[in-house]
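Grab a pencil and open the model next to you.

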Amino acid sequence: MENGWIKFETALDDLTLAEMEFDQYSMISFETEDDLIPGLCGLTNLGNTCFMNSALQCLSNIPELTRKILSFGNEINAPIIGAYSTLIKTMWSGEHVVTIPSSLLLNISENLPRFRRYRQQDAQEFMNYFLHLIHQELTSERTLITDLFYGRIQSSVKCLGGCHSIETNEEVISFLPLPVANDIDEYNILYLQSNDFFREEPLNGDYYCSKCLDLKTARQKADLVLPLPPVLIIQLKRFTYDLDSSAKIDTYIDFPLRDLDLGQYIIQNNDEKTNVSTLYDLVAVSNHTGSLVAGHYITYARNDRNKKWYSFNDETIREIIDEHDIVTKNAYILVYIQRTTL
Ligand SMILES: [Zn+2]
C-alpha cells in the first residue's frame, strides 16, 4: 500500500467490500498507517505560543513520562495534569494530526500569569515551570516528576591556601544548565568534555576558607551524584541577560544522538557506580531560530513507536530523513533518556 490505493479483487474480500459499500470502483482510496502514527500530532499556535508547543512536543516524546500520563484516569482532581493528560491522550490516539492546546494553556495561565498569551517566552523556563506545576499537583514529596527528572550535583571547593580542605555542597537539579562559550565558532568534540561546568576551575582569591580564616585561592569542581535521573534535560545557555544588553550565542555544538556517557562526571569513590547505566540517548531537541525579540521554536523528536525522527513546527510535522540534520546551532534544550540495562 505504497500510495494509499489498493486493488479490490486482490486485497479485500467481497464481504469486506460490501461492508464498506464500495461496488462500482476498481480502486479505492485508503488512509495508510503513515497518516495516523500515534504521537505525530501538531499543536496549533495560539499567538506566540511556539515556546509552549515546542516544550510540549519534547515532553510528549519522553516515553516513560507519556506512559505514566496516559495511565492517569479522569478521577484526578488536578486541573493541569487533567488538561495535560487529555492533550497527551489526543496526541497519542492515532486519530488526530493536529490539536489545539487551549485548555492546557488556560490552566497554566491561571497559575502562572507570566505565561499569558502574546508574549515571546522561553521554552526551557516554561518546561521547568510546567514540570514543577505537575509535581505540585501530585502533592507528595516524591512524584513521577522527581523520579524521572531530578538529579543531584555536588560542587566541591578545594582550598589551595595551605590547609587543602575541601568544602562540598549538594543541590538538587531538575535540568542541567550548561554555559555556551561565544569566543569560538564550534565545539568539535563531545561538548560536556570541554565544558566549564564539570571542569576544575581556579577561584582566584575570592574564596573565604573557614579553616585558614582568610581569602584564599581555591579550585572548584562539579560532579553528578548517583542515582542519575532517568531523563536528563540539558539547557544550552545561549541567552545572556544583563542590565546593559541581552544576546544570543550562536555557537555550534556537536552533541551525540546516542551514547552520551555521563560516567566520567559522576562523583568518584561511589560503590554504586558499576551497577548503573551511564549511557544516554537523545529523544528530543528544542531549537530556537531567530533573535531574542523575534524568535521561533521548533522541536525535533524521535517517535517511540517507529523510532523515526520528526520536526514539529506548531501544526506542521515532517519526517527528518538524515539524522545529521538534527544537530544544528539552533539547539537549545536537549532531552536525553537513560539507557535501561534490562
Ligand atoms: Zn584553607
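Predicted model: local features only at pLDDT ≥ 70, side-chain atom pairs only at ≥ 80, totals over all residues.

Residues are numbered from 1 along each chain as its sequence is written, and side-chain values use heavy atoms, with hydrogens and water left out.

**Exercise 1.** Work out which residues coordinate the zinc ion and what arrangement they make.

*Step 1.* Look for donors (N, O and S atoms within 2.8 Å of the metal, or 3.2 Å for Na, K and Ca; water is not among the atoms, so sites may look incomplete). You'll find the SG atoms of Cys159, Cys163, Cys209 and Cys212, at 2.3 Å.

*Step 2.* Check the angles: the 4 donor atoms subtend 104 to 114°, so the arrangement is tetrahedral (four donors, all angles between 85 and 135 degrees).

*Step 3.* Read the spacing along the chain: C-x3-C-x45-C-x2-C. Cys163 and Cys212 sit 49 residues apart, in the β5–β6 loop and the β9–β10 loop (strands are DSSP runs of E, at least two residues, numbered from the N terminus).

**Exercise 2.** Find the strands that pair with β18.

*Step 1.* Pairing takes at least two DSSP bridges between two strands. β17 (residues 295-302) pairs antiparallel with β18 over 4 bridges, and Thr299 has Phe312 as its bridge partner.

*Step 2.* On to β19 (residues 316-320): 5 bridges join it to β18, again antiparallel. Here Asn313 stands opposite Thr316.

Note on methods. Tetrahedral: all angles 85-135°; square planar, octahedral: opposite > 155°, others 65-115°.
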